[in-house]
Amino acid sequence: MSVESTGEGVAAPGLRERKKERTRRTIRTEAFRLFREQGYGETTIEQIAAAADVSPSTFFRYFPTKEQLVIADDLDPVLIEEIRRQPRGLSPILAFRQAMDTAFATLTPEELAFEQERQALLYHVPELRAAIGIELERGIDMIAELFAEYLGRPADDFEVRVAAGAVAGAGLAISLRAPVNADNLGRAMDFLDAGLPLNPSVG
């Protein structure tokens, strides 16, 4: 989502930006199709480039590695914008939950299916296991920056980073066992915001 904020809303992307976005999306769509058909490990960058009708050098202008093609999260810019729009005074986790709900609501069914396939690849393809740690660290840093901005505290504040780690960790825990969607992520954020009220099993 390569749009630029003007500070007074989100500007419409120009022709060049739209063309670049189409090329980027085509590369990812064709890559995911090949991953489904022949497996992640068996798919080469040359095959992806050929399927997307671009050269390998063009592929590398959009994604430095095949791994990065899967890691790239198109929801992040929307989520960042929505958190900045949240009213002050909420708990940061509630602000994150509301922003996340809005971000998911912007997705078409096709975009939601693509995001869920991306998450499934990232967390269930053995060759991408190493990328999970990178993605988790990136997520904690991004959320800490957002919480810090929302609260007016430093991003390296101990409590800000712990809260960011809890949110990112909850997302990872869900990704490994359940579909990543607004309902499951919202339930996790509500649980965190309530202070993790984990009680013994009854019966």
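Q: What makes Glu21, Arg24, Ile27, Arg28, Glu30, Ala31, Phe32, Leu34 and Phe35 of H1 count as buried?
A: Buried means under 20% relative accessible area, exposed over 50%, and partly exposed in between (1.4 Å probe, protein chains only). In H1, those residues are buried. Helices here are DSSP runs of H or I with at least four residues, numbered from the N terminus. One ground rule: this is a predicted model, with local features needing pLDDT of at least 70, side-chain atom pairs counting only at pLDDT 80 or more, and totals for chains, interfaces and linings using all residues. Residues are numbered from 1 along each chain as its sequence is written, and side-chain values use heavy atoms, leaving out hydrogens and water.

Q: Why is Arg24 called buried?
A: Its relative accessible area is 16%, and the cut-off is under 20%, so Arg24 is buried. Arg24 sits in helix H1 and, not counting residues up to four places away in sequence, touches Tyr62, Phe63, Ala72 and Asp74. Contact means heavy atoms within 4.5 Å.

Q: What covers the buried residues of H1?
A: The cover includes helix H2 (45–51), helix H3 (56–62), helix H4 (66–71) and helix H7 (109–124).

Q: How do you know that the span of H1 agrees with what it should be?
A: The expected span is 1.5 Å times one less than the number of residues. For the 24 residues of H1 (residues 15–38) that gives 34 Å, and the end C-alpha atoms are 34 Å apart, so the two agree.

Q: What makes a set of residues a nonpolar core?
A: The residues must be buried Ala, Val, Leu, Ile, Met, Phe, Trp, Tyr or Cys, joined through side-chain atoms within 4.5 Å. The largest such core has 29 residues, and Phe96, Ile143, Val167 and Met189 have the most contacts inside it. Helix H5 (75–85), helix H6 (92–105), helix H8 (129–151), helix H9 (158–177) and H10 each supply at least two of its residues. H8 gives the largest share, seven residues. A second, separate core of 26 residues includes Phe114, Val125, Leu128 and Ile132.

Q: Why is Thr102 called partly exposed?
A: Thr102, in helix H6, has a relative accessible area of 32%.

Q: Is Leu196 buried, partly exposed or exposed?
A: Leu196 lies in the segment after helix H10 (182–193). With a relative accessible area of 47%, it is partly exposed.
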